[in-house]
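Reader: I am new to this structure. Please take me through it in short questions and answers.

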Amino acid sequence: TLSTGVEWKVNPMLSVGGGLNRAGSESDVGYPAFSVAVRPMQIDRFQLHYTYLTDDLDAGALFVAGLSLQW
């Protein structure tokens, strides 16, 4: 199987991404994924992440939120 994606840094505060998860498995095309990263202070030390993944078991979608801090 193949998982692939792209991320685009729209500006210093926002990045968006999209891709396919498990392409070539049961699904010919794969399962779509989407992500957003926000840097409120325009630096990489503090980021908010939001990700949407579809479920390969067809039990519903998965929404993941996260916070990353670096020092």
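Author: Two definitions come before the rest: strands (E, at least two residues) and helices (H or I, at least four residues) are DSSP runs numbered from the N terminus, and two strands pair if DSSP finds at least two bridges between them. This is a predicted model, in which local features need pLDDT of at least 70, side-chain atom pairs count only at pLDDT 80 or more, and totals for chains, interfaces and linings use all residues. Residues are numbered from 1 along each chain as its sequence is written, and side-chain values use heavy atoms, with hydrogens and water left out.

Reader: Which residue in β4 stands opposite alanine 37?

Author: Strands β3 (residues 31–38) and β4 (residues 46–53) run antiparallel and are joined by six bridges. Opposite alanine 37, the residue in β4 is histidine 49.

Reader: What is the order of the strands in the open sheet?

Author: The chain has zero helices and five strands. The pairing in the open sheet is antiparallel, and the order is β1-β2-β3-β4-β5.

Reader: Which are the edge strands?

Author: An edge strand here pairs on one side only. The two that do so are β1 (2–11) and β5 (62–69).

Reader: Is leucine 62 buried, partly exposed or exposed?

Author: Leucine 62 lies in strand β5. Buried means under 20% relative accessible area, exposed means over 50%, and partly exposed is in between (1.4 Å probe, protein chains only). Because its relative accessibility is 46%, leucine 62 counts as partly exposed.

Reader: Which residues is leucine 62 in contact with, leaving aside its neighbours within four places in sequence?

Author: Contact means heavy atoms within 4.5 Å. The C-alpha atoms of leucine 62 and threonine 51 are separated by 8.1 Å, with the two residues eleven apart along the chain. Leaving aside neighbours within four places in sequence, the contacts of leucine 62 are Thr51, Tyr52 and Leu53.

Reader: And which residues is threonine 51 in contact with, under that exclusion of neighbours within four places?

Author: Threonine 51 is found in strand β4. With a relative accessible area of 23%, threonine 51 is partly exposed. Beyond its neighbours within four places in sequence, threonine 51 is in contact with Phe34, Ser35, Leu62, Phe63 and Val64.

Reader: How far apart in space are threonine 51 and alanine 65, C-alpha to C-alpha?

Author: In sequence, threonine 51 and alanine 65 are 14 residues apart. In space, C-alpha to C-alpha, the value is 6.4 Å.

Reader: What share of the residues of the chain count as buried?

Author: The chain has 71 residues. Of these, the share that count as buried is 13%.
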